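Dear colleague,

Please find below the structure that I am handing over to you. My findings follow directly after it.

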Amino acid sequence: MNQPSFLGDWLVSEYVYTPAGEYAGVIHQRRKLQPQGDVIRVIQICEPVKVAHGLSGQAEEVVNVMNKRVGEFVFDLKIVGKARHYLGEDVVGGGFSWKDGVLTARGMWTHFGYNFTSFSILVNPNRQVTGGKFFIANEEVATIVGVGVPENEGYPILKPTTPSGDYHGERYLISPEGELLETIAITANDVTFNETEGMRGRQKQYGALREIEAVTTPGETVSWLEVNDETTGMVAGLCKWNRDEKLHHVHVYLLRKSS
C-alpha cells in the first residue's frame, strides 16, 4: 500500500467562516494517522470554537453547528490506487490523490450529521494547508480553511491574507485518471493573481483561501481554489477544468515567494 504523506501525530488550526465569508473563530484539532494492516486509522480530536469578537447572528449559528463536532472522531482510510476510501464509522466517502500530498474528497460525517467536500495540499513535508465545506445536501453551512504541522511544533497559524509580490514555482498538468502529463515552470505576481484573463465568473475570499467559479470558453468551466500561506511564503492552488460537464484535466501549482 502506498502510504500518504501525512502520517503520524499533527496539530491543526481550522479557521471557520460563514457561507457569506464572515470569520467566526478557530478550532484546534489533534489529528492522528496510524497504519493498521491494510487501512489507516484516523483519529480527530476537536476542541470547541475559539470564538471571534462581534459576531453576527449567522456567525453565531455557525459556531453552534461546529461545536457539535467537539470530541473524538474515528474512521478508517483505505488506499485503492490513487483513490482514498473512508470506511467509517465517523466519516464515510472517498477522495482522490492528484499528486503526492494533494487530495480532494467528499462524503459524510455520520455522527456530526453534515456532508462535506475537502482538500489538502502539502506545501512542505511538515506543513499541510487544508480546507473544505460542510453542507446539508447542497445548502452550505460553513467553510473552513486550515493548516496542520507535526505535534511538536504547537498549533500553527494561517494568516487571512492574499498573495502580494512576485512568486515562482511549478504547475502540474494532470489527467482525470491522475497521470502527470506536464510540469511547467511559472511565475506570478499580485497583478496576475487577481486577474482571471479570458474567464467570466466570480470569486470569493475566506481568509487565506480564494475560490473561483468561472467559464472560459463555451462548454468549458473551471473550479479553482488557492491558499496563501504567508508563514512559509507559499501559494498552493488546484483547478479542475470541465468540458461539457466532464472533468478534462486538473492543474496543481505550488509557488514560492521570490526573495
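I begin with helix H1 (residues 57-66), in which Ala59, Val62, Val63, Val65 and Met66 are buried. Seen down the axis of H1, these buried residues fall within an arc of 160 degrees, so they line one face of the helix. The face turned away from that buried side carries Glu61 and Asn64, which are exposed. Please bear in mind throughout that the model is predicted.

What do the buried residues of H1 pack against? Their partners are strand S1 (8-17), strand S2 (23-36), strand S4 (50-51), strand S9 (114-124), strand S10 (127-136) and strand S11 (139-150).

As a general background, nonpolar side chains in soluble globular proteins tend to be buried together. In this model the largest nonpolar core has 31 residues, of which Val16, Met66, Tyr86, Trp109, Phe112, Phe116 and Phe134 touch the most other members. The elements that give two or more residues to this core are S2, S3, H1, S5, strand S8 (102-109), S9 and S11. Of these, H1 gives the most, with five residues. Another core lies apart from this one; it has 26 residues, among them Val129, Ile174, Val252 and Leu254.

Leaving aside neighbours within four places in sequence, tryptophan 109 is in contact with Gln44, Arg69, Phe73, Asp90, Val91, Tyr114, Phe116 and Phe134.

Is glutamine 44 buried or exposed? Its relative accessible area is 8%, which is under the 20% cut-off, so glutamine 44 counts as buried. The side chain of glutamine 44 makes a polar contact with the side chain of glutamine 29, at 3.4 Å. Not counting residues up to four places away in sequence, glutamine 44 touches Gln29, Arg30, Arg31, Arg69, Gly71, Glu72, Phe73, Phe75 and Trp109.

Isoleucine 79 belongs to strand S5 (residues 71-80) and is buried, with a relative accessible area of 12%. Between isoleucine 79 and phenylalanine 6 there are 13 Å in space, C-alpha to C-alpha, while the two are 73 residues apart in sequence.

I turn now to a sheet. Seven strands form an open sheet in the order S13-S12-S18-S17-S16-S15-S14, and their pairing is antiparallel. At its edges are strand S13 (180-189) and strand S14 (200-206), each of which pairs on one side only. From one strand to the next, the twist averages 15 degrees. Within this sheet, strand S15 (residues 209-217) and strand S16 (residues 220-229) run antiparallel and are joined by eight bridges. Isoleucine 212 stands opposite tryptophan 224 in S16.

Strand S18 (residues 246-257) holds histidine 251. This histidine is buried, with a relative accessible area of 13%. Which side chain makes a polar contact with the side chain of histidine 251? The partner is tryptophan 241, at 3.2 Å. Residues up to four places away in sequence aside, histidine 251 touches Arg171, Tyr172, Leu173, Gly237, Leu238, Cys239 and Trp241.

With kind regards

Conventions: Residues are numbered from 1 along each chain as its sequence is written. This is a predicted model: local features need pLDDT of at least 70, side-chain atom pairs count only at pLDDT 80 or more; totals for chains, interfaces and linings use all residues. Side-chain values use heavy atoms; hydrogens and water are left out. Two strands pair if DSSP finds at least two bridges between them. Helices (H or I, at least four residues) and strands (E, at least two) are DSSP runs, numbered from the N terminus. Axes are lines fitted to C-alpha atoms, for helices over the stretch in contact, and angles run from 0 to 180 degrees between N-to-C directions. Buried means under 20% relative accessible area, exposed over 50%, partly exposed in between (1.4 Å probe, protein chains only). The arc is that of the directions from the helix axis to the C-beta atoms. Contact means heavy atoms within 4.5 Å. A polar contact is a pair of N or O atoms within 3.5 Å; within protein, one must be able to donate a hydrogen and the other to accept it, and residues adjacent in sequence count only if both atoms are side-chain atoms. A nonpolar core is a set of buried Ala, Val, Leu, Ile, Met, Phe, Trp, Tyr and Cys residues joined through side-chain atoms within 4.5 Å.
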